Number of protein chains: 6
Amino acid sequence: MDATEPGLDGYGRDIYASAKGDVDEATIERLRGVSVATAWSVLNKAGILHPCMAGVTPLSGPEGFPLVGRARTLRYLPLREDLLPLLRTAGHANPQRQLFELVGSGDVVVIDAMGQTEAGTLGDILATRLKARNVAGIVTDGCVRDAPFIKRMGIPVFTKSVHPGANTSALLPFEFDGPVQCGGVTVLPGDIILGDEDGVVVIPAHLAAKVADDGLEQERLEGFLRMQVENGESLRDAYPPGPRLREAYEAWCRENPRT
Amino acid sequence: MDATEPGLDGYGRDIYASAKGDVDEATIERLRGVSVATAWSVLNKAGILHPCMAGVTPLSGPEGFPLVGRARTLRYLPLREDLLPLLRTAGHANPQRQLFELVGSGDVVVIDAMGQTEAGTLGDILATRLKARNVAGIVTDGCVRDAPFIKRMGIPVFTKSVHPGANTSALLPFEFDGPVQCGGVTVLPGDIILGDEDGVVVIPAHLAAKVADDGLEQERLEGFLRMQVENGESLRDAYPPGPRLREAYEAWCRENPRT
Amino acid sequence: MDATEPGLDGYGRDIYASAKGDVDEATIERLRGVSVATAWSVLNKAGILHPCMAGVTPLSGPEGFPLVGRARTLRYLPLREDLLPLLRTAGHANPQRQLFELVGSGDVVVIDAMGQTEAGTLGDILATRLKARNVAGIVTDGCVRDAPFIKRMGIPVFTKSVHPGANTSALLPFEFDGPVQCGGVTVLPGDIILGDEDGVVVIPAHLAAKVADDGLEQERLEGFLRMQVENGESLRDAYPPGPRLREAYEAWCRENPRT
Amino acid sequence: MDATEPGLDGYGRDIYASAKGDVDEATIERLRGVSVATAWSVLNKAGILHPCMAGVTPLSGPEGFPLVGRARTLRYLPLREDLLPLLRTAGHANPQRQLFELVGSGDVVVIDAMGQTEAGTLGDILATRLKARNVAGIVTDGCVRDAPFIKRMGIPVFTKSVHPGANTSALLPFEFDGPVQCGGVTVLPGDIILGDEDGVVVIPAHLAAKVADDGLEQERLEGFLRMQVENGESLRDAYPPGPRLREAYEAWCRENPRT
Amino acid sequence: MDATEPGLDGYGRDIYASAKGDVDEATIERLRGVSVATAWSVLNKAGILHPCMAGVTPLSGPEGFPLVGRARTLRYLPLREDLLPLLRTAGHANPQRQLFELVGSGDVVVIDAMGQTEAGTLGDILATRLKARNVAGIVTDGCVRDAPFIKRMGIPVFTKSVHPGANTSALLPFEFDGPVQCGGVTVLPGDIILGDEDGVVVIPAHLAAKVADDGLEQERLEGFLRMQVENGESLRDAYPPGPRLREAYEAWCRENPRT
Amino acid sequence: MDATEPGLDGYGRDIYASAKGDVDEATIERLRGVSVATAWSVLNKAGILHPCMAGVTPLSGPEGFPLVGRARTLRYLPLREDLLPLLRTAGHANPQRQLFELVGSGDVVVIDAMGQTEAGTLGDILATRLKARNVAGIVTDGCVRDAPFIKRMGIPVFTKSVHPGANTSALLPFEFDGPVQCGGVTVLPGDIILGDEDGVVVIPAHLAAKVADDGLEQERLEGFLRMQVENGESLRDAYPPGPRLREAYEAWCRENPRT
């Protein structure tokens, strides 16, 4: 190391530390009314151009695969066989095991598998523990194994694919609760993860309230417009709405006040 | 431009203009009885070697995803941010909006997204308008957004994938009712689009009647042969059919005349 | 040829001939209780690092897509148009046709399509014949055509994708009951093919009994541990099990003896 | 068609017509001093986020592969065998042939092959004609054939790959001098194409003067800074330059006036 | 096995046996004057639509990478660790080693690596042996290792890529002198392999004389036409040639008789 | 966080800390005599199955692209526009800038770009600074920009591709001197990076001396055997060497002692 740089700890991540956040329950609750497409639009207008994970799709979950919660992150690196003994010596200090015992209600486990699909990133017993700890869901840009079990578990799981192999056959857990990528999107711990049949978007914590506010408003307006189009209005009149429909919407809003 | 070429309008497409066609309702009706695999076989024998769109699969629709109708085309090009203001100024002259107000009963909207999957090519409100205009279906080699809505809409939709992003975040609509590619197949307006769980084939308008004729005949024969094989006939005897089964088929046809 | 190599027949495959095997019915029956993930683990411990076919997923079959049986193999090579007449002259000596009349109860037809997805490797009538001959299932790293029919046929079918095209538009059948690759895994005739929602693994014949033995034991232990985790045990205590749970498991085993 | 849309010609491209331009010779000359990386930076600051063609690299040309000129465009669609006779009947009305006789000095032929690499988009005789017409270069997101000849021809050629096949074995020329995509970037006729060992960027005509102005200034500053760094300055002092080097640069500029 | 099929040996390859051939030296010599692009055209007209290997490019060799010779084939399958001991026991019966001691002057070693790029298919010592046995070249749709050596060896080598790994880390040699695929093209032993900077085409043995005849004639005509175009003739007049140039060609041929 | 885990800092990387190492100069010097292929073999025998970076090839450097040195690592994550202002505020605390001022003689800068190729990871001025600080080379699984300059700079540079874009258009630097992946291989700071025309292998620090020892011995033996094969020995006698050549090698070693 260079003597001229005495005070540096050598980790650039500090410079982004202030972007980590903690979103309150009320905001998370309101985000349940916002679709992934609408959240994408609000984020895009706010300057986040690529909030959607590529290739990460619903594997299983309740009808519609509704997913919302706070990101808790796990970072894998490629297997290097000389490091496996260190992982085994570490026992429950294994970052994957640590994280899975720390997560709690409302957390979404986000696993950076570098898009690699040659092993599972977790299997049935670990998934069962996550369910017991009441996580909101699981997201990985890799695979899960034990799909026959996990698909029937009842919680939202989004993956790139499935693979029957154990994680350490191709991957090594390296750290948790740090910044990761997942599906080509940077995720900081505490970001909000929102998923449905359009995929998964990452909502930076400091934008969660805005996505809830603007998103709910947009859902309301678009729901109204969709009804008009179902009733025969043309795109020319309805999308974007002209003065007539804009006025009708306001009337409708007066009759159907926001809750 | 070169003074030696005074009469040219600069668009090669004219040389293919005579291949555009208009298929009558009766033929379309008969094509409902032809599977995509059988249509592929008739087209292949007619010299069309690659009529099947690559990577375009059913997203949603009625059981079996039956799709047949006339192609109405939309061509996207990649987003170029300096052109967006021109699109916005254009308003309802936006080629996508124009097309979606012009399509009608029995049309299939075919969207050339260049196979790009980083944005939706349409969302719930536009899809609702297409349904209101009674289109036969939607086909894109890109994505749709608002999948949670579109998947429950009830009309056949074939896509490469889904994405929550708005089209103009990655794509610009450029023209409609011109020749396009979709899934690596050239589509001329008026071609017949046929889809089921095997995917989507493009039937050139001038071959539609032949596909209906030969296809229905082939479906009839293969249905008969399948019954024989279900009853224990070997491939050696049944596929292709030998004299005994050929004769049995003729007898069966006499008892079960074509309708 | 070189005069110094008089006794060689020129086929290297002979050197692997002793690895071909025949697994008895009882072992196959026991393998029905082993998941693909568990079989993968036993194989991995036995030194087979990549037993899982890449990109080969369930197309259709009974709930959970249970597949187990002996591999009968078909090898395709890319179409070469000058060879088609020889195939046609061959008639029922066509290797695909030969194989499909030879397979029987408990066989899994494994088709090496070189991962190519531009044609089907079989269609409805051939699949019907395979069902009539009571095969245990069909696996291909290419496509099937006539998916609308095959998906409703009731037997387990694992593929890379679907395509409406006939096999000889892109592929030529070359031999059967020889060694092949499928999904990047070498398959010898007589190997055991095991499939479920995690995909497909190839179990070398000489390892089938071991996979049944160790796999059933592992399923039993993991089922017990999963129950403990469902009841609130932590990973620290349960996975791997500490002395308390190890003892509880032994007690449970005494009460629930292996059958 | 819908009676409510009487005045529409059905081609959305008109809405972008005003973006087509004609850049003067002096600007093109000045762009010879701007690298692709620097042009990319100026374009990026001007809001064009993706001006660089993906996968299009230098095949051959003079040392450094310098390429600058006005786009003349050719659009291919996938081969459809039923359309080939129309192309043959068209003879020299073939859009490819028309374009290649119209291009002239300073033009860059830009070929939209949809990224398809299963045939050449031109071969030795056509390339020879382009050279005889004095084009500035050739760019395609497909292949060229006759690479043994074209690589020794002496003009800049940028391609995705090479292939020995004739264009009409996989592609049909459809139009020329219309808008196309190439390497995922929209190109309008008259745009400036700039290439070097970093690849190819598309400069919208209306931004060409700005890229020349800002680009030359940036090249000048960066050349100065690179010298300082070669002489031992740290990034901290030199990139971006602090007051001392900013001042030194101004002094240097006074001694080395812009030409 | 089925008692009803007593005479079958179970290898479909026999049905194509008559397509294997042996091309005489004079024809091979004449093929040295035919480019890959021209051979492609003759083959295409003869109905072989895809004679060109995908992704197989020149790694090294003399200027222009001229390659012509008879195919001697090696087939790899994916590594299966349980089979490695059998290979080791086999020693020099290893199919790769057998083939490499059998090849001779004018042979082209064609290696089917299934397009896999995770290991070399041969390295420096084996390549040195092939050179000592005077092979015409080496073609693989996988990798070679020891590229620093092989690139300086002086014989034409065409590969998909390079990799430092030994073959048996990912591949097992299975047989030689049988039919294989390479780069997606079927190769029978005795076929002619032709390579240059356009890539590699496979010429079925029975078409070699035709490719030499028609190819040389086409090279001659195209060389003449290229000269005309270099001298300013338009495509309209020269490609295809009109009556004037057709006549000039004939005159030129009388003055420059075929040798 | 969970009160039951008081002593954990939440970074799994600690468990691998003991694997970081510092290799002495003499060992690095000896590794200059070992090829990438030979190092791969020694590592493979030592149980490191995948030491070679995928898709990372020489862009430029001295003849043969010899590269050896100690890894200094930079980790990128995908751009997130809301984090850019924090990076700009950080100024020279930017992890990339910090690292590039800390590296020194014999270091190899290893950049984890997640395999992403939509921006450069460094350009000419930064590369110039690295050269001024006397680094041994640069390795990235992304791109560099300013290739026209960097290719003429004279130091070994290994990349996946080139791109004219600035890093922060698609990437954010996150940390340095931590564990990363590059080309699918885990790299710890202090590991030895070895590159040549076969690509790049990562040598764990604790294995460097072994790779030097065994590698030099293997190079010596293989060089001898290659000479024998050049002189006409068969693979049967020479590879592996039989008793006669084994003895000749020992005689040769006595005459050509290791230096």
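Below are some worked exercises on this predicted model.

**Exercise 1. Domains of chain A**

Task: Into which domains is chain A divided, and what distance separates their centres?

Solution: 
- Start with the bounds: domain 1 of chain A covers 49-202, and domain 2 covers 212-255.
- Then take the centres over C-alpha atoms: those of domain 1 and domain 2 of chain A are 38 Å apart.

**Exercise 2. Salt bridges within chain A**

Task: Find the salt-bridge partners of Arg80(A) and of Glu233(A), and decide whether the residues are buried or exposed.

Solution: 
- Look at Arg80(A) first. Its partner is Asp82(A), and the closest N and O atoms of the two lie 3.0 Å apart. Since the cut-off for a salt bridge is 4 Å, this distance qualifies.
- Both members of that pair, Arg80(A) and Asp82(A), are buried.
- Now move on to Glu233(A). Its partner is Arg244(A), with 2.8 Å between the closest N and O atoms.
- Check the accessibility of each. Glu233(A) has a relative accessibility of 16% and therefore counts as buried. Arg244(A), with a relative accessible area of 47%, is partly exposed.

**Exercise 3. A salt bridge from chain E to chain D**

Task: Which residue of chain D pairs with Arg226(E), and in which helices do the two residues lie?

Solution: 
- The partner is Asp124(D), and the N to O distance of this salt bridge is 2.5 Å.
- The pair crosses between chains: Arg226(E) lies in helix α7 (residues 208-230) of chain E, and Asp124(D) in helix α5 (residues 124-132) of chain D.
- Compare the two ends. Arg226(E) is partly exposed, at 22% relative accessible area, whereas Asp124(D) counts as buried because its relative accessibility is 5%.
- Salt bridges can also share partners: Glu63(A), Glu197(A), Lys151(B) and Arg152(B) are joined in this way into one network.

**Exercise 4. Backbone features to look up**

Task: Where are Pro240(D) and Pro240(F), and what are the phi values of Asp146(A) and Met114(B)?

Solution: 
- In chain D, the bond from Tyr239(D) to Pro240(D) is cis, with omega near 5°. Pro240(D) is placed in the loop between α8 (235-238) and α9 (243-255) of chain D.
- In chain F, the bond from Tyr239(F) to Pro240(F) is cis, and omega is near 5°. Pro240(F) is in the loop between α8 (235-238) and α9 (243-255) of chain F.
- Turn to phi. Asp146(A) is not a glycine, yet its phi is positive, at about 60°. You will find Asp146(A) in the loop between β5 (143-144) and α6 (147-150) of chain A, and at 10% relative accessibility it counts as buried.
- Met114(B) also has a positive phi, near 60°. Met114(B) lies in the loop between β3 (107-112) and α5 (124-132) of chain B, and with 27% relative accessible area it is partly exposed.

**Exercise 5. The interface of chain A and chain F**

Solution: 
- Count the residues: 54 of chain A are in contact with 54 of chain F.
- List the polar links. There are 4 salt bridges across the interface of chain A and chain F. Asp191(A) pairs with Arg80(F) in a salt bridge, with the closest N and O atoms 2.7 Å apart. Residue pairs in polar contact between the two chains number 14.
- Name the elements. Those of chain A that give two or more residues to the side touching chain F include β2 (67-78), α3 (84-90) and α4 (95-102). The most comes from β8(A), with 5 residues.
- Finish with the classes: the side of chain A that touches chain F has 29 nonpolar, 11 polar and 14 charged residues.

Technical notes
Residues are numbered from 1 along each chain as its sequence is written. Chains are lettered from A and ligands numbered from 1 in the order in which they are written. This is a predicted model: local features need pLDDT of at least 70, side-chain atom pairs count only at pLDDT 80 or more; totals for chains, interfaces and linings use all residues. Side-chain values use heavy atoms; hydrogens and water are left out. A salt bridge is a side-chain nitrogen of Lys or Arg within 4 Å of a carboxyl oxygen of Asp or Glu. Buried means under 20% relative accessible area, exposed over 50%, partly exposed in between (1.4 Å probe, protein chains only). Helices (H or I, at least four residues) and strands (E, at least two) are DSSP runs, numbered from the N terminus. Contact means heavy atoms within 4.5 Å. A polar contact is a pair of N or O atoms within 3.5 Å; within protein, one must be able to donate a hydrogen and the other to accept it, and residues adjacent in sequence count only if both atoms are side-chain atoms. Ala, Val, Leu, Ile, Met, Phe, Trp, Tyr, Cys and Pro count as nonpolar, Asp, Glu, Lys and Arg as charged, and the others, Gly among them, as polar. Domain bounds come from an automatic or database domain assignment.
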